[in-house]
Amino acid sequence: MLAQPHNASIDLSTKPDGNNMHTGINKNTPLYIAPANPAGRKLAKRLRSAGYCVNGFVDNLKQGDDIVNDVAHFPATAKVVLHKATYTDNVAAGLLQRQFKQKRLWLCHDDDGSPLSTASSTQPEHTAACNISFARYALPLSYRLNKLLFAICSRLFWMARLTTPKRRYLYYAEGFFDTNVLLAYREHKRQFANEPFLLGINLKQKISELDEDKEKFEKLSLKVLWRICCARRIIVDHEYTGDTFRLLRKRIPVVQLWHGLPYKALSGNRHYPDICDEVFVSSSDWFNKEIFPKIFRAKAYLSLGYPRNDAFSQSPMLRDWINAEPYNTLQQIQKNAGDIIVYAPTYRDWGNNEYPLDLAAIDTWCRKHNRAFVLKFHPFISRLFGEAMGLTENNALQQLPSYPNIYLYPSGKNIYPWLAQSYALVTDYSSIAYDFLLSDKPIVYFQYDKEEYLKLRGETLVSDSDFIAGEVVESTEEMLTALGNTKPHSSALKMKFGMKNQLASEQICRLVRD
């Protein structure tokens with residue numbers, strides 16, 4: 001069993017009504033949580049366990065029997081409970097714009113008056129107990145001032161762009177540079193060195209290959225602002241909701257590369273009526289027709305492929321290995337242990353990330369069959385797992401102690417050059433499964449928590465018949481049996497989706513410059 005630190009539920013109890021901050025909320029008050037994301041569902045579970053009457057959720061992006069989308073369908077006596085997060089003010093502002101009365105909006109608080117967090121707790125249940133109280137929610141003054149400042153900056157930015165020459169291309173990211181935008185930028189720079197520049201806001205990663213890149217920036221300096229004013233297009237592969245990106249996309253055409261064909265539900269950008277990107281790029285004709293237009297607003301949807309998938313069409317020496325473990329490291333593992341199998345599960349953002357892997361059984365199987373098992377976890381899980389295994393290096397491949405055929409791949413690095421060389425993929429609900437269709441190699445779907453996943457994530461965007469292209473298993477034993485009997489996956493889905501083995505980066509560069 002691969003066990004992460006225990007994510008104990010918090011035992012929520014309540015103070016007597018007389019001490020409950022005069023809210024008028026009691027155990028019989030109908031409550032609806034906003035939004036209906038995994039954190040909101042986790043809060044609903046906690047409130048129900050404390051005896052509160054949680055009837056459902058309020059969310060304008062999702063559909064479901066327990067989700068209210070319109071204030072006209074909201075019960076007259078019910079109240080909306082917001083959970084504390086970085087986006088709480090934006091959620092509340094959206095509710096107010098859709099005619100929800102401010103007096104109906106509330107925040108949960110613990111016994112010291114601070115907003116109740118839905119983050120996972122590592123404390124034992126008996127020490128994590130707290131009392132719940134509620135307080136009316138009000139948009140903070142700082143939020144209103146930021147919106148006013150945003151309106152002023154938007155006007156000034158628009159005026160500046162009226163007089164500047166448009167000859168630059170901005171590749172943009174927040175938090176980290178994901179693979180699609182990074183590889184597209186690199187291809188653009190190889191062909192037209194003086195045109196593109198790379199801007200990352202609030203970066204939390206270190207990519208050594210970019211240290212000497214004079215066109216990579218991390219702050220909005222005067223030099224960067226001038227280049228932004230001269231930008232013909234912005235290229236991204238995520239949706240960002242912060243004011244910086246909202247200001248930029250309001251005045252500069254956006255090319256959205258996204259970051260994979262989805263199985264699970266996505267918010268997209270259709271809930272912003274003032275947004276309509278210039279182009280949305282994916283790797284599938286079918287998704288561009290049936291799925292993406294329902295959740296993303298764009299003038300055109302093109303199937304050019306994803307830059308990260310170029311690795312499947314290239315020889316190892318022609319791949320761009322930026323932010324990936326070196327090819328010679330992969331070769332050494334293949335020489336010592338055999339072909340690699342990549343395990344890349346999706347992150348359970350409701351907190352239960354205790355993947356039931358029997359490491360001893362996997363290592364024994366790998367030695368018997370001349371295979372290496374490479375773990376690629378979410379950064380948070382990778383850190384916890386590394387600490388539990390006594391590993392000290394976070395930014396390099398590490399062999400697990402006592403399990404010589406199992407390796408932990410650094411979570412912040414690109415695994416696609418390795419994936420293209422792998423014998424098989426093991427995943428669950430991740431979009432990486434769609435990408436791996438291009439390899440024509442075996443896929444095993446380790447879905448040990450399917451019922452819980454669907455309950456907390458909600459309905460998926462596509463049916464299982466449009467996702468599964470291999471064997472579904474629920475235990476390590478079943479997974480190893482499936483890997484021992486593997487055969488190339490059916491090409492039916494790849495053909496249905498119109499996915500092609502083509503070099504996306506070159507096509508995207510031409511698109512961006514047209």
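How many of the 5 residues of strand β15 (residues 339-343) are buried? The number is 4, so β15 is largely enclosed by the rest of the structure. Buried here means under 20% relative accessible area, exposed means over 50%, and partly exposed lies in between (1.4 Å probe, protein chains only). Helices (H or I, at least four residues) and strands (E, at least two) are DSSP runs, numbered from the N terminus.

The model is predicted: local features need pLDDT of at least 70, side-chain atom pairs count only at pLDDT 80 or more, and totals for chains, interfaces and linings use all residues. Residues are numbered from 1 along each chain as its sequence is written, and side-chain values use heavy atoms, with hydrogens and water left out.

Strand β15 belongs to an open sheet of 7 strands with mixed pairing, in the order β17-β18-β16-β15-β19-β20-β21. Two strands pair if DSSP finds at least two bridges between them. The edges of this sheet are β17 and β21 (471-473), each of which pairs on one side only. On average, neighbouring strands are turned by 30° against each other, direction ignored. Angles in general run from 0 to 180 degrees between N-to-C directions, and axes are lines fitted to C-alpha atoms, for helices over the stretch in contact.

Both neighbours of β15 can be followed through their bridges. Strand β15 runs parallel to β16 and is joined to it by 5 bridges; here Tyr 343 stands opposite Leu 375. With strand β19 (residues 424-427), β15 is again parallel, over 3 bridges. In β19, Val 426 is the bridge partner of Tyr 343, and Leu 425 is that of Val 342.

Further along the sheet, β16 (residues 371-375) and β18 (residues 403-408) pair in the parallel sense over 3 bridges, and Leu 375 stands opposite Leu 408. The antiparallel element is found with strand β17 (residues 398-400), which is joined to β18 by 3 bridges. Gln 398 stands opposite Leu 408 of β18. Strands β17 and β18 form a hairpin with 2 residues between them. Ser 402, in the turn, has a positive phi of about 75° and is exposed, with a relative accessible area of 68%. Helix α10 (residues 359-369) packs on this sheet and touches β15, β16, β17 and β18, its direction making about 110° with that of β18. Contact means heavy atoms within 4.5 Å.

Another open sheet of 7 strands has parallel pairing and the order β10-β9-β8-β11-β12-β13-β14. Its edge strands are β10 (216-217) and β14 (301-303), each with a single partner strand, so one side of each is left without a neighbour in the sheet. Within this sheet, β8 (residues 168-174) and β11 (residues 231-236) pair in the parallel sense over 4 bridges, with Ile 235 of β11 as the bridge partner of Tyr 171. Helix α5 (residues 222-229) packs on the sheet, touching β8, β9 (196-201), β10 and β11, and its direction makes about 125° with that of β9. Helix α17 lies across β8, β11, β12 (254-256), β13 (279-282) and β14, running at about 145° to β11.

Helix α17 (residues 504-513) also meets helix α4 (residues 179-191): their axes come within 9 Å and cross at roughly 70°. That makes α4 roughly perpendicular to α17, where angles under 35 degrees count as roughly parallel, over 145 as roughly antiparallel, 65 to 115 as roughly perpendicular and the rest as oblique. From α4, the contact is made by Leu 183, Ala 184, Glu 187, His 188 and Gln 191, and from α17 by Ser 505, Glu 506, Ile 508, Cys 509, Val 512 and Arg 513. These residues divide into 5 nonpolar, 3 polar and 3 charged (Ala, Val, Leu, Ile, Met, Phe, Trp, Tyr, Cys and Pro count as nonpolar, Asp, Glu, Lys and Arg as charged, and the others, Gly among them, as polar).

Some backbone details remain. Most residues other than glycine have a negative phi, and most peptide bonds are trans. A cis peptide bond joins Ala 34 and Pro 35, with omega about -5°; Pro 35 lies in the loop between β2 (31-34) and α1 (38-49). Gln 99 has a positive phi near 75°, lies in the loop between α2 (88-97) and β6 (105-109), and is exposed, with a relative accessible area of 56%.
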